[in-house]
Amino acid sequence: MLLNYLERNPIIDIKKTSTALELSYNAVSNAVKQLLALEILIQPESGQRNRVFAYEEYLEIMRKDT
């Protein structure tokens with residue numbers, strides 16, 4: 001479910017994603033942590049509040065030829 005959401009929204013934050021997917025904040029947070037560990041998501045800025053995550057490989061594909 002989250003991976004499908006990432007294809008439509010390659011830049012996310014946990015709160016908005018949990019609302020959009022109707023999942024708990026903790027469920028999305030745990031999934032994001034796993035995707036970070038697998039280097040599927042990156043955290044472009046290292047702040048602790050209002051953290052944003054990017055599906056960078058997907059964004060690179062979309063940037064190609066533009």
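Q: What makes up the largest nonpolar core, and how many residues does this core hold?
A: In this predicted model, where local features need pLDDT of at least 70, side-chain atom pairs count only at pLDDT 80 or more, and totals for chains, interfaces and linings use all residues, the largest nonpolar core holds 12 residues, among them Leu2, Leu6, Ile12, Val28 and Phe53. Residues are numbered from 1 along each chain as its sequence is written, and side-chain values use heavy atoms, with hydrogens and water left out. The name applies because a nonpolar core is a set of buried Ala, Val, Leu, Ile, Met, Phe, Trp, Tyr and Cys residues joined through side-chain atoms within 4.5 Å.

Q: Why is arginine 63 called partly exposed?
A: Buried means under 20% relative accessible area and exposed over 50%, with partly exposed in between (1.4 Å probe, protein chains only); arginine 63 has 45% relative accessibility, and therefore counts as partly exposed.

Q: What makes the meeting of the side chains of arginine 63 and glutamate 56 a salt bridge?
A: The term asks for a side-chain nitrogen of Lys or Arg within 4 Å of a carboxyl oxygen of Asp or Glu, and this pair meets at 2.8 Å, N to O. A search of the whole structure finds 1 salt bridge.

Q: Which residues does leucine 6 touch, not counting residues up to four places away in sequence?
A: Contact means heavy atoms within 4.5 Å, and with those sequence neighbours left out, leucine 6 touches Ile12, Leu35, Leu41, Tyr55 and Tyr58.
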